[in-house]
Amino acid sequence: MAVTFSDLHTEEGLKSLNEFLSGKKYISGDQLTKDDIKVYGYVSEKPSDASANVAGWYDVVSSHLAASFPGKAQGVKFSGKVAPAAEAPAKAAAPAAEDDDDLDLFGDETEEDKKAAEEREASKKPAKKKESGKSSILLDVKPWDDETDMKKLEEAVRTVEIPGLTWGASKLVAVGYGIKKLQIMLTIIDDLVSVDDLIEERLTVEPINEYVQSCDIVAFNKI
């Protein structure tokens, strides 16, 4: 709902604004908005202690503006008298000036203004980082024959280091005819590691294929 202030250059107008600012730091909400700047423009100078709420608000807005305009001001004053040549046009424009002194804080906000404000607020919110999924895999690593040194085979497998790959527990499992295979757990970050590439490009090529004949995925579970 629109808030209207009138005659802020008068004691009565300041009294109305002072009552409105009771318990408030800003005109609208809990931070400086264009409403504060608009009202500030109609208050010619810092009020006396009789309007303590307005005086405090005036200091807050002034400090914000001082930070935005760091140049040294020389001070500006306005005369209450009008030059004779301009007096007639000024009187003719008086009704418009009176209307302009009634501040409708929200009436001039367009849909475009609202949309732009929403977009600014949305841009301030940090984008939520997408978390990459992980998978737990049980791999069978088979040697060439029963003469393959299984200890060196496991050491060779664990030399493979890729960002997003973590080797886990392992054990030897009997296959038959004195041959054993290595079963080893590994955890991968899905976006960084491809299991197929790991097997085809790292575990079954030189120098590891000196010990490894083939690899098979026994279990594949998303974490």
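Biologist: What percentage of the 223 residues in the protein chain do buried residues make up?

Modeller: Buried residues make up 26% of them. Keep in mind that this is a predicted model. A residue counts as buried when its relative accessible area is under 20%.

Biologist: How many helices and strands does the protein chain have?

Modeller: There are 8 helices and 6 strands. Read from the N terminus, the elements run β-α-α-α-α-α-β-α-β-α-β-β-α-β. Contacts tell you about the fold as well. Take those between residues at least 6 apart in sequence: 67% of them join residues at least 24 apart.

Biologist: Now the sheet. In what order do the strands of the open sheet lie?

Modeller: The order is E4-E5-E3-E6, and the pairing is antiparallel. Strands E4 (165-176) and E6 (212-222) are the edges, since each pairs on one side only. On average, neighbouring strands are turned by 20° against each other, ignoring direction.

Biologist: Over how many bridges do E4 and E5 pair?

Modeller: Over 9 bridges, in the antiparallel sense. Strand E5 covers residues 179-189. Find Lys-171 and look across to Gln-183, its bridge partner in E5. Then find Ser-170, which stands opposite Ile-184.

Biologist: And which side chains point where in a strand?

Modeller: In a regular strand the side chains alternate between the two faces of the sheet.

Biologist: How many bridges join E3 and E5?

Modeller: E3 and E5 pair over 8 bridges, again antiparallel.

Biologist: What about the helices? Which strands does helix H8 lie across?

Modeller: H8, residues 195-203, lies across E3, E4, E5 and E6. Its direction is at about 165° to E6.

Biologist: Which residues of helix H7 are buried?

Modeller: Met-150, Leu-153, Ala-156 and Val-157 are buried in H7, which spans residues 150-158. They cover an arc of only 115° around the axis, so they sit on the same side of H7. Among the elements that cover these buried residues are E3, E4, E5, H8 and E6.

Biologist: What happens at the start of H7?

Modeller: Look at Asp-149. One of its side-chain oxygens reaches to within 3.0 Å of the backbone nitrogen of Lys-151.

Biologist: Where do nonpolar side chains tend to be in soluble globular proteins?

Modeller: They tend to be buried together. Here the largest nonpolar core has 23 residues. Val-141, Trp-167 and Leu-203 touch the most other members. E3, H7, E4, E5, H8 and E6 each supply at least two residues of this core. A second, separate core has 14 residues, including Ile-27, Val-39, Val-54 and Tyr-58.

Biologist: Which residues does Leu-203 touch?

Modeller: Leave out residues up to four places away in sequence. Leu-203 then touches Leu-139, Val-157, Val-160, Trp-167, Leu-198, Ile-208, Asn-209, Val-212 and Cys-215.

Biologist: Let me try a loop residue. Is Ser-51 buried or exposed?

Modeller: Ser-51 counts as buried because its relative accessibility is 9%. Ser-51 lies in the loop between helix H2 (34-40) and helix H3 (52-68). Not counting residues up to four places away in sequence, Ser-51 touches Leu-14 and Asn-18.

Biologist: Is Tyr-177 buried or exposed?

Modeller: Tyr-177 counts as exposed, because its relative accessibility is 83%.

Biologist: What is the phi of Asp-7?

Modeller: Phi of Asp-7 is about 50°, a positive value although Asp-7 is not a glycine. Asp-7 is in the loop between strand E1 (4-5) and helix H1 (11-20). With a relative accessible area of 36%, Asp-7 is partly exposed.

Biologist: And the peptide bond from Glu-206 to Pro-207: cis or trans?

Modeller: That bond is cis, with omega near 0°. To find Pro-207, go to the loop between H8 and E6.

Note on methods. Residues numbered from 1 in each chain as written. Predicted model: local features only at pLDDT ≥ 70, side-chain atom pairs only at ≥ 80, totals over all residues. Heavy atoms only, no water. Pairing = 2+ DSSP bridges. Helix = DSSP H or I, 4+ residues; strand = E, 2+ residues; numbered from the N terminus. Axes fitted to C-alpha atoms, helices over the stretch in contact; angles between N-to-C directions. Contact = heavy atoms within 4.5 Å. Buried < 20%, exposed > 50% of the residue type's maximum accessible area, 1.4 Å probe, protein only. Arc of directions from axis to C-beta. Polar contact = N/O pair within 3.5 Å; in protein donor to acceptor, adjacent residues only side chain to side chain. Core = buried A, V, L, I, M, F, W, Y, C linked by side-chain atoms within 4.5 Å.
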